[in-house]
Amino acid sequence: MALVAVQDGIEQMVSTPHMFNGLSRNPEPSEVIDRVGALNQAVAAACGGRLKILPGNEVHVSHEIVRQVQHDRVTRINLRNYMLVEFPSLTVPVLAEGLFSDLLMEGVTPILVHPERNSQIQTDPSIVAAFVDLGVRIQVTAMSVTGEFGPAAKKCADILLWHNCVHFLASDSHRPSRRAPILSKGRDAAAGLIGKERARALVYDNPRAVVNGEAFQVQPPLPFKSSGKPQRSFLSRFF
Ligand SMILES: [Fe+2]
């Protein structure tokens with residue numbers, strides 16, 4: 001996976017083992033840090049320092065996550081102030097907004113991962129805009145933008161991109177083939193929708209801010225219309 005990532009121009013990857021209360025082993029941050037350290041040695045031997053692995057977690061939403069953050073049980077991205085939060089694949093939990101607010105109060109910015117693959121959000125993508133307004137940041141899977149996660153995920157990803165509701169593209173890679181650690185294809189597909197510079201921010205500037213624990217510029221979400229594509233003013237059509 002490291003060699004594939006380096007070939008694609010990727011310089012840093014966050015290792016995000018699943019944290020799914022009751023269903024995964026939920027490694028402590030100290031274990032994630034140790035294992036990422038060992039992994040970095042192997043990666044340096046294979047790639048000669050061209051790729052660095054950083055610690056993290058992908059945390060499945062549950063009523064326990066705020067307490068787990070308070071007790072330092074969650075491995076935040078590069079141990080700074082952002083964390084990945086994942087919804088179930090079919091629904092948006094009713095407790096999500098309250099949990100996000102509580103996390104923000106704790107000084108942790110939640111990053112909602114792959115909302116474009118969630119059935120309820122595919123039906124109503126404007127749900128995501130409400131989370132963005134709250135202060136949540138949004139990560140879409142690169143392969144959703146290329147269409148490799150199917151037409152429903154692609155359509156939802158496009159709508160979210162058009163409405164300023166995507167802040168990062170991620171590989172969500174699990175292995176060197178099939179869902180490989182490749183971002184360039186997703187970046188290029190996004191560039192076709194939102195332009196080169198903004199697409200680059202999704203794979204470079206914004207993730208760099210996150211791993212450094214910094215804030216970054218966020219455009220407010222555009223109002224959602226039922227047709228999917230945002231309405232553009234008469235003048236903006238010429239530019
Ligand atoms: Fe996930």
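Predicted model: local features only at pLDDT ≥ 70, side-chain atom pairs only at ≥ 80, totals over all residues.

Reply: Residues are numbered from 1 along each chain as its sequence is written.

Me: Is strand β7 buried or exposed?

Reply: β7, residues 137-141, is largely enclosed by the rest of the structure, because five of its five residues are buried. Buried means 20 or more other C-beta atoms, placed from the backbone, within 10 Å of the residue's own; 12 or fewer means exposed, and in between is partly exposed. Strands (E, at least two residues) and helices (H or I, at least four) are DSSP runs, numbered from the N terminus.

Me: And which residues sit on each side of β7?

Reply: Arg 137, Gln 139 and Thr 141 are on one side, with Ile 138 and Val 140 on the other.

Me: What does β7 pair with?

Reply: β7 pairs in the parallel sense with β6 (residues 109-113) over three bridges, and also in the parallel sense with β8 (residues 168-170) over three bridges; pairing requires at least two DSSP bridges between the strands. Leu 112 stands opposite Ile 138, and Val 140 has Leu 169 of β8 as its bridge partner.

Me: Switching topic, where is Ile 182?

Reply: Ile 182 lies in the loop between β8 and α9 (184-194), and it counts as partly exposed because it has 19 C-beta neighbours inside 10 Å.

Me: How far is its C-alpha from that of Val 6?

Reply: The two C-alpha atoms are separated by 9.2 Å, although Ile 182 and Val 6 are 176 residues apart along the chain.
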